[in-house]
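Trainee: Could we go through this structure together, with each label set against the rule behind it?

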Amino acid sequence: YCREAELLAREFAHEIRLVPRSGLRAEIGSDAYYGGVVDEASGGINPARYVAGLAVAARRAGATVHERCTVERIERHGADWRVTSGGNAIAAGELVMATSGYTGTVAAALERKLVPIGSYVIATEPLPEALARELSPHGRMMYDSWHFLHYFRLTPDRRLLFGGRAQFVPDTPDTIRD
């Protein structure tokens, strides 16, 4: 990580701080790690709240948002778009496709550019304040680079949220089970 820290500082003017094992208790309530890296500019987001916020911003900007409708076809009609869903057509001058990694064939050009990566999340019951403060004294997003990529953080209501990537392969019953 020393070389990575030097590269980030030199090429991007981005400072990270290396934490030796002896300093980890000030960052995380565990002795399980050999060291750490603190990146004050990094963080985490709640994807559902992020998407909801984008929808609010889009509506404020004058967009019409159509949720939970299966898109059957997207066609260009001159300068406009026609989106077919449930046998009904929606006309639009501009189109924003807000989708997950599982877009499907309706947007084949976009589908080829997305790589779905499974991620699973679990959270504890709300923790006592003292334990939460011990586990994450600074309330940072943390991850374990040994197990690419396990991540954890405290939620606003002091739950310990733990997540991890599954596999870099398409979801099938066998890969989900693994």
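Mentor: Helix 2 gives the most to the lining of the second largest pocket, with 5 residues. The model is a predicted one, in which local features need pLDDT of at least 70 and side-chain atom pairs count only at pLDDT 80 or more, while totals for chains, interfaces and linings use all residues. Residues are numbered from 1 along each chain as its sequence is written, and side-chain values use heavy atoms, with hydrogens and water left out.

Trainee: What makes a residue part of the lining of a pocket?

Mentor: A lining residue has an atom within 4 Å of a point of the pocket, and a pocket is, on a 1 Å grid over the protein atoms alone, an open set of points where a 1.4 Å probe fits, with protein on both sides within 12 Å along at least five of seven lines. The second largest pocket has a volume of about 1,100 Å³. Its lining holds 29 residues, and those closest to its centre are Val65, His66, Val96, Met97 and Ala98.

Trainee: Which helix and strands each supply at least two residues of that lining?

Mentor: They are helix 2 (47-60), strand 3 (71-77), strand 4 (80-85) and strand 5 (88-92). Those names refer to DSSP runs, numbered from the N terminus, with helices (H or I) of at least four residues and strands (E) of at least two.

Trainee: How do the residues of the lining divide into nonpolar, polar and charged?

Mentor: The lining of the second largest pocket has 20 nonpolar, 6 polar and 3 charged residues. For this count Ala, Val, Leu, Ile, Met, Phe, Trp, Tyr, Cys and Pro are nonpolar, Asp, Glu, Lys and Arg are charged, and the others, Gly among them, are polar.

Trainee: Why is Ala55 called buried?

Mentor: Ala55, whose place is in helix 2, has a relative accessibility of 15% and therefore counts as buried, given that buried means under 20% relative accessible area, exposed over 50% and partly exposed in between (1.4 Å probe, protein chains only). The C-alpha atoms of Ala55 and Ala98 are separated by 9.5 Å, although the two residues are 43 apart along the chain. Thr84, in strand 4, is at 6% and so is buried as well.

Trainee: How do you know what Thr84 is in contact with?

Mentor: Contact means heavy atoms within 4.5 Å. Leaving aside its neighbours within four places in sequence, Thr84 is in contact with Thr70, Val71, Glu72, Arg73 and Ala89.

Trainee: What makes up the largest nonpolar core?

Mentor: The core consists of 6 residues, namely Val19, Leu24, Ile28, Val38, Met142 and Phe152. The term covers a set of buried Ala, Val, Leu, Ile, Met, Phe, Trp, Tyr and Cys residues joined through side-chain atoms within 4.5 Å. Phe152, with its neighbours within four places in sequence left aside, is in contact with residues including Ile28, Tyr33, Met142 and Leu160.

Trainee: Why is the pairing of Glu40 with Arg140 called a salt bridge?

Mentor: The closest N and O atoms of Glu40 and Arg140 are 2.7 Å apart, and a salt bridge requires a side-chain nitrogen of Lys or Arg within 4 Å of a carboxyl oxygen of Asp or Glu, so the pair qualifies. This pair links distant parts of the chain, with Glu40 in the loop between strand 2 and helix 2 and Arg140 in the loop between helix 4 and strand 7 (142-144), 100 residues apart. At 58% relative accessibility, Glu40 is exposed. Arg17, Glu27, Glu40 and Arg140 are linked in a network of salt bridges, and the whole structure has 10 salt bridges.

Trainee: What does the salt bridge between Glu134 and Arg25 tie together?

Mentor: The side chains of Glu134 and Arg25 meet at 3.7 Å, N to O. Glu134 lies in helix 4 (residues 129-135) and Arg25 in the loop between strand 1 (17-20) and strand 2 (35-38), so the pair joins parts that are 109 residues apart in sequence. Glu134 has a relative accessible area of 43% and is therefore partly exposed, and Arg25, at 43%, also counts as partly exposed.

Key
Grid points are joined across faces, edges and corners, and a volume is the space filled by probe spheres set on the points.
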